[in-house]
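Please open the model in your viewer and keep the selection panel at hand.

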Amino acid sequence: MLGDVETRSVSPVFVGRADELGILHTALGRAAAGEPQALLLGGEAGVGKTRLVEEFAASACARGAVVVTGGCVEIGADGLPFAPFSTALRALRRTLPEELDRAAAGREEELARVLPELGDGLPRQRDGRDGRGDESATALLFELTARLLEQVAAERTVVVVLEDLHWADASTRHLLSYLFRTLRSGRLAVVATYRADDVHRRHPLRPLLAELDRLRTVTRIELGRLSRDEVARQIAGIIAAEPERSVVDDIFRRSDGNAFFVEELAVSVAEGCATGLTDSLRDVLLVRVESLPESAQRVARICAEGGSTVEYPLLEAVAGLGADELIEALRATVGANILHAAPDSDGYRFRHSLVREAVSDDLLPGERSRINRRYAEALEADPTLVPADSRVTRLASYWYHAHDAAKALPAVLDASVEARRRHAYSEQLRLLERAMELWDGTPEEIRGALRMGDYSSAYRSCDCEPDETRLDFLDLMAEAADAGRLCGERERALKIGKRAIRILEDAAADGAGDPLLAAWFWLQRSRIISHIARGNGWDEIAKAQELVRGLPPSAVHAEVLAHAAAWGMLHSPGAETLAAAERAVEYARMVGDQEVELHARLVRGGLLVDAGSVDQGFAELYEVRDRSMELGLMARINNVNVNLPSALEAAGRSAESVRICVEGIAFYHRHGLTDTKGWIVSNKAESLVSLGRWDEAVDAAGWAHDFCLSDKPRATSLTQLAAVALGRGALQEAAGHVAAAQRYIGTHDPQPQYDLPLAHRVIELAASEGRLLDARTELARLVDAGLPPSSQRYLWPLLRTAAEAEADARGLPAADAGRAEAVARIRAAAKQQATPVPVWLAHDQWVRTELLRAEGRDTPDDWSATVTALEPLDRPYDLARVRHRLAESLVARAQDDDRDRATELLRLAAAVAGHLGARPLAESVALLAQRARIGLTRDMPRRDAPADPAEELGLTSRERDVLRLVTAGRSNRQIAEELFISPKTASVHVSNILAKLGVAGRGEAAALAHRLRLFPVVRG
């Protein structure tokens, strides 16, 4: 079924393009099978992109697909927010009204920002922003749009064609990127076309193309020019006769295989005017326009300035021709194949944008501004001349290009408000920058009539009535800086903020400063600086604090304190940060700012949990969650849904954390916001690892890594994947996860919540690979830099792993040097850590016992106390490990009832290891059972003689001797000398040993041999 797909080519034959059409047909087949497809079709202007899409669309319709098209609209140099998506969805609604309305049910208000008709009958909100505004509003809109398309395409194949991406507004580009990244289901194919020769190095589409190129799910097609034979076939089709060879040669030379130029030149040949043409591109495009009657040329010039499509009523109002004369002029332009009737409106458009551009470029400067003025005056007199969703944007563009600042400034500001309402923050930023450009040239009486309440919402802390307060230039700058931050144009926002701060500092030097507004700009600068990896943002927060110090309480003052506390929670949690959060709550309550108060209380709740006031902290966090939901503050809902499960995990309440995560995931499934959902799924993975639900954890972490758009949760998910891989003995896989996580985290803004878990994995990986010295170096680096306070949730597991590494290496000659210093460092660091909840009390006991093992002083009583501490905590893997250690200690002591107790402990540990796939633990348990002649199942008979672990591993007597020397740190040459063999033979033995042990290197082999107690411990 074809939905509003127009055919604009004059050639009756479709020439070439078999390979490209084959790629599109393959994608259509995959989409029909339920695998969404994303395709980019690029090529120079006129090369035949539209004709290829027309042929594909006709073929898709013949196969029963629904095809809808939306084109990026150019009005002057401006694009309409979401224009191609709005057009395509409008066509889809006409074609499949019941399916689309059903898919949009309950979310009409949000989706009306892309398809305004869905909002018919709904109350119009003045501002589309939730509270102070954040990126979640845009993310919600994008998620809902993606899911809408998936649901409509659930039962039948849908092809969405988005044309002319080179004209796309930033919001359209961002939505397309989101769509291509997150489409997961539905019989949907999205084909986007762009003019490749327009995408120069600084074109805004270029970064998007580079980004999409990296996605394996995106197919990119580059459409080349026609060959000489294909040009000959095209000419023959156009002139309905076999062309002379000289004509083909001439047209091929002059068109260079560009399909549109071939058409133009072939038509000229058919009309007998080929001898009058020049090689000038503009002349080639204008030759047929200039042959029209003057009234038709006038209409073409007017249409060239009206935008991609000009509605007939608007054209009638602007052209200044009688109705009959206008119709005759239009008939002439359509007959000459200059204009076509637009398929989706009562209007006209150029057959090809190259012709429109050529006509527009041929206008005189005064002529262009006069035409734009007439458009603006006509639209101002009768706003119904154009569709409502494009009215304010087009009026702003017409007045701007008419060079009338007095009219343009209010119109541009109105358009910026509409862009903000639709969450098109990129377009809002562009319009506000245009307003700032117009400001000085606008008469004072016009500027004086503008009110803050109509155009400014980012900053309103002037203790004034916004609807009665004049809008000034700094208000525009604040709005523009906020829009830049929200749309991701952070460099532009940073530049605007820097200029505003300079203006405010100059005013302060003259005694007319505004410290609250200056503090607000510094706060925005802090947020941007941390986002673009220029620093951690603290210097900017400190400057904001300095500006508000000593001033009466205000919303800005409260916001500054809340951000300072939030920064401290992430970078240096502790008593000072908790006090800052308390002050922020107090100030927010004094000025009645509920959102800032909830933000500060959220920070305070998390800090209270870390400080040991666990019940009080969780009561605060749950109250913040409930109140945020009640007020509908999405930004705070996002924060608490991420922070609450994280705090629960920090307190050892992993099962409750998973439950809260599941509730949060269900919430975001209903409301969209894949990125926020990714943060929560990453938290869920961490708690699932703790609970021993490793397969579920791997699934959750994999999903977060694949679908989350932010780097930090992707890094966290990789850290959890590394933890499982290490537990299962997949060291190479773990190393890959660790390296990828390090790239995501970076170094510009160190935070304990990311850096410490990653350092833990680095230490664990090094120890597992037998690189004890590297593990010691990493720990020394952390300790020497100063361990952050209130970070016990990360430091206790890290110190436990470091202590295990030292204990496992006891007896290795290469590890003796520096052992005492390393043990002392771990013990000293452990004494600094708090134990506010049972899980960290258990870790305290575990670390102390491991350190005793590292010194050869551990006893069954020490391990029994550790087991007792861990048993109530629902951490099966940790419990299995300490049960194995207790069994090992009991076997070594060998008292009367120790054997039976060790047997039960090993059977429990083996069961957990087998369930989790924890290969290193399972091997250690099995080898200890073999040495002690213990059966791991109740029906397994005892062996009369102890098993030889080396023999169980398949090692020969000679390989055992070689492994003993490898474990002692000998080189191949030293092994050869000691065993009276050649170095080459020693190398062969080492290679065989590594293969049999399933390890990658000598250090890992030594660590495994030591862990399995293959050789007696050498005591110093």
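Searching the whole structure gives five cavities of 30 Å³ or more, where a cavity is a set of points, on a 1 Å grid over the protein atoms alone, at which a 1.4 Å probe fits but cannot get out. This is a predicted model, in which local features need pLDDT of at least 70 and side-chain atom pairs count only at pLDDT 80 or more, while totals for chains, interfaces and linings use all residues. Residues are numbered from 1 along each chain as its sequence is written, and side-chain values use heavy atoms, with hydrogens and water left out.

Select Gly-48, Lys-49, Thr-50, Arg-51 and His-352, which lie nearest the centre of the largest cavity, among the 34 residues that line it; lining residues have an atom within 4 Å of a point. This cavity holds about 550 Å³, the volume being the space filled by probe spheres set on the points, which are joined across faces, edges and corners.

Next, colour α2 (49–62), β7 (188–195), α11 (259–270), β11 (347–350) and α16 (353–361), each of which supplies at least two residues of this lining. The greatest contribution comes from α2, with five residues. Here helices (H or I, at least four residues) and strands (E, at least two) are DSSP runs, numbered from the N terminus.

Move on to the second largest cavity, of about 50 Å³, by selecting its lining residues, including Val-609, Asp-610, Gln-792, Arg-793 and Trp-840. Two or more residues of that lining come from each of α29 (594–611) and α39 (792–808).

Technical notes: On a 1 Å grid over the protein atoms alone, a cavity is a set of points where a 1.4 Å probe fits but cannot get out, and a pocket is an open set with protein on both sides within 12 Å along at least five of seven lines; lining residues have an atom within 4 Å of a point.
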